[in-house]
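Please look through the sequence and the model shown here.

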Amino acid sequence: MNKSISTILFTLALFLIVSAKAKGQTTNDYQGSINAEFSVGLTGYAKDYSYKSIGFAAGYGKTINNSSYIGIGLKPNYIFSDGDFDGFFMPIYGEYKYQPISEAGVRGFCDARIGYSPISKMGLYAHIGGGIIIYQKWEVSIGASYQFTKFSDSYYGEPQKYDYNLVFATLSVGYKF
């Protein structure tokens, strides 16, 4: 199952890139972004153990109907806490963003992502948020992110199985190209 999700998302990325080059689309039709993201535990276990996450989210996709964007992305990030589990996640995700076209210097947007981390700490990833786009290039947003993982570890020489449902408040600053 893990490989099939990764394969589907990778195939979608290749399709978007190849079709953009083949059709000679303008830069307004296809776009990418890279965002630095910092997250802190919002509820439950993530809040109780002071979990934090730092990483990047990079996406590429196509604008549809002058306001909707669909694309795929990759978010390498490291999740850590005060004295508990830590690990590297790299979700591959599909993304939808509503970003109405405007000539104003500042405009709003909202986005949603869903994906899966297929390496190291594996598990489901989801994000929903909103923010502003400044001068068509800079993004600042806040949102809520979810990361699930299930893994085995040794605790005092005994094998243990763990399930982690981590919910974060996320601040993101990025650049669109």
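How many nonpolar, polar and charged residues does the lining of the largest cavity have, by class? The lining has five nonpolar, five polar and one charged residues; Ala, Val, Leu, Ile, Met, Phe, Trp, Tyr, Cys and Pro count as nonpolar, Asp, Glu, Lys and Arg as charged, and the others, Gly among them, as polar. This is a predicted model, in which local features need pLDDT of at least 70 and side-chain atom pairs pLDDT 80 or more, while totals for chains, interfaces and linings use all residues. Residues are numbered from 1 along each chain as its sequence is written, and side-chain values use heavy atoms, without hydrogens and water.

A cavity is a set of points, on a 1 Å grid over the protein atoms alone, where a 1.4 Å probe fits but cannot get out; lining residues have an atom within 4 Å of a point. Points are joined across faces, edges and corners, and volume is the space filled by probe spheres set on them. Three cavities of 30 Å³ or more are counted, and the largest holds about 70 Å³. Its lining includes Ser39, Lys75, Tyr125 and Phe168. Strand 9 gives the largest share, three residues; strands (E, at least two residues) are DSSP runs numbered from the N terminus.

Strand 9 also contains Glu139. Glu139 counts as buried because its relative accessibility is 4%, where buried means under 20% relative accessible area (1.4 Å probe, protein chains only).

Technical notes:
1 Å grid on protein atoms, 1.4 Å probe; cavity = no way out; pocket = protein on both sides within 12 Å on 5 of 7 lines; lining within 4 Å. Helix = DSSP H or I, 4+ residues; strand = E, 2+ residues; numbered from the N terminus. Buried < 20%, exposed > 50% of the residue type's maximum accessible area, 1.4 Å probe, protein only.
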